[in-house]
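Please examine the sequence and the three-dimensional model shown below before reading on. The report then treats the sheet, its helices and several single residues in turn.

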Amino acid sequence: MAEKAMNKNSSNIMALAPNTSNKRETVCIFGTGDFGRALGHKMIQAGYPIVFGSRSTQTSSLIPKDAEVLSHAEAAQKAAIIIIAIQRQHYNFLTPLAEVLHGKVLVDVSNNLKINQYPESNTEYLAHLVPGAKVVKAFNTVSAWALQSGTLDASRQVFVCGDDMEAKQMVMDIVRALGLTPLDKGSLLAAQEIENYPLQLFPMWKFPIILSFCLTAFFFFYCVIRDIIYPHVYENQDFSFFIAISIPNRICPILALILLALVYLPGIFAAILQLYRGTKYHRFPDWLDKWMLCRKQLGLVALAFACLHVLYTLVIPIRYFVRWRISSYIISQVLNNQTQPLDNTNAWISDSYLALGILGFFLFVLLGITSLPSVSNNVNWREFRFVQSKLGYLTLILCTAHTLFYGGKRFLSPSSYRWYLPNAYMLSLIVPCMVLVVKFVLIFPCLDKPLTRIRQGWERNPQHSAQSNYIINKSAV
Ligand code: NAP
């Protein structure tokens, strides 16, 4: 018995040694369900001999034909790595197999139905059930369908975690052999986070999308009151068709500008807080942390609104209302036998407004492109900060100036204030102007120097921070 156990252990140790030959080691998969079969199929293609451990040893046409199907105990003896493609609630069938699984690498691929469904992760539960095994979490972010159909573009990354470095390395080698990218997430403590990952629904997009929805609704009703209801009440004119193009083309630039300003506003709050506290080793409030984390998404939503604004603007010359207004203006000049002289100031304002808009949009697109992972991976941290911070502020300045020039002389005209409500674009200037003014104040050396020192680790009052919560904040960009 002892000899048998020794033989078993020595075979496990041999199997765990790095494979230097080209021949792939046999891999065992427990469970012939959708995921087990899809992974088995993919691994056979990559040259791995596969043996399935199943409750029924009968093969079916669905099981890859080059694979063997054995009982769990027999299959486990044939391989050093066993992939458990079975739901967590059935894991207790592994307890009687503890002896045969001793020293093996068990790969937990399981997911749950809800975030934090169990107090401990499925992988920790598995490690607890089979204490002699080396448990690794992997493959749970890849779907059976993607494995089978080969459409792995969206999920090429495989998160791997485990306490045994050698076992983790063996699993990562398999991941690479399948043409996927392993990402080491550390010890088994990371398993719960990895299990929650596929259950998340755009967590970073929630705030930007809800915010843009609320702002869109607010500005839509604001514009309807000013541009449709007001003329209807006072001039008996029906401008309800403004809902199709005019109002969306008013809302889109407003949203683009406000959201772009909101990308930079948390950085301003963070700088003020750090200056006030005299340290960066003090946690930001939760709302500010969350806001900072979704700045990229806010920026991308802003870019989407800017793109829509460009599209809406391009169709202006072919709109019936615009063509009607221009022709009636020309006809009224002809009828009155007069030609309006060229107003140079207006020409300057109009051209500057367009030029600023074009430049602002160009930089906006550049910011969006550099936030793509494939591009940001190719620039260093300093270059990334330069683009996102310096060019970002320049974009905000250009877009704010574009709106200011659009307003031109209308800011002081009483007709801009219908029912005491200013034009919607005037409201859109509040946040960007605030951000730019405070940023301008913050670059004064008397504030910029201490802020830079604080971000490099200097503390105004070190005793105070010794008692406080030592959680290092991400330096605000
Ligand atoms: P499935 O199609 O329902 O297959 C599960 C397999 O578990 C069954 O085919 C069966 O295999 C085995 N099984 C069922 N009850 C059992 C029991 N009482 N005792 C022992 N074995 C039992 O499920 P699946 O979609 O393949 O998912 C398997 C695991 O992969 C799950 O943990 C899931 O979270 C994970 N996963 C699935 C996907 C996916 O896209 N499907 C993606 C990532 C991760 P035998 O009949 O051969 O014994």
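In what order do the eight strands of the open sheet follow one another? The order is 3-2-1-4-5-6-7-8, and the pairing in this open sheet is mixed. This is a predicted model, in which local features need pLDDT of at least 70 and side-chain atom pairs count only at pLDDT 80 or more, while totals for chains, interfaces and linings use all residues. Residues are numbered from 1 along each chain as its sequence is written, and side-chain values use heavy atoms, with hydrogens and water left out.

**The sheet**

Strands (E, at least two residues) and helices (H or I, at least four residues) are DSSP runs, numbered from the N terminus. Two strands count as paired if DSSP finds at least two bridges between them. In general, strands of a sheet pair through backbone hydrogen bonds, either parallel or antiparallel.

The eight strands form an open sheet. Strand 3 (68–70) and strand 8 (181–184) stand at its edges with a single partner strand each, so one side of each is left without a neighbour in the sheet. On average, neighbouring strands of this sheet are turned by 30 degrees against each other, direction ignored. Such angles are taken between axes, which are lines fitted to C-alpha atoms (for helices over the stretch in contact), and run from 0 to 180 degrees between N-to-C directions.

Strand 5 (residues 105–108) and strand 6 (residues 134–137) run parallel and are joined by four bridges; the bridge partner of D108 in strand 6 is K137. Together with helix 5 (residues 122–129), strand 5 and strand 6 make a right-handed β-α-β unit. Right-handed here means that, with the strands pointing away from the viewer, the path from the first strand over the helix to the second runs clockwise.

Strand 6 also pairs with strand 7 (residues 157–162), in the antiparallel sense and over two bridges, and V136 has G162 in strand 7 as its bridge partner. Strand 7 and strand 8 run parallel, joined by four bridges; F159 has L183 in strand 8 as its bridge partner.

**Helices across the sheet**

Helix 2 (residues 34–45) lies across strand 1 (27–30), strand 2 (50–53) and strand 4 (81–84), at about 165 degrees to strand 2. Helix 7 (residues 165–177) lies across strand 1, strand 4, strand 5, strand 6, strand 7 and strand 8, and runs at about 155 degrees to strand 8.

Not counting residues up to four places away in sequence, D227 touches F239, F242, R250 and R418, where contact means heavy atoms within 4.5 Å.

N236 is in the loop between helix 9 and helix 10 (246–277), and N337 is in the loop between helix 13 (320–335) and helix 14 (344–370).
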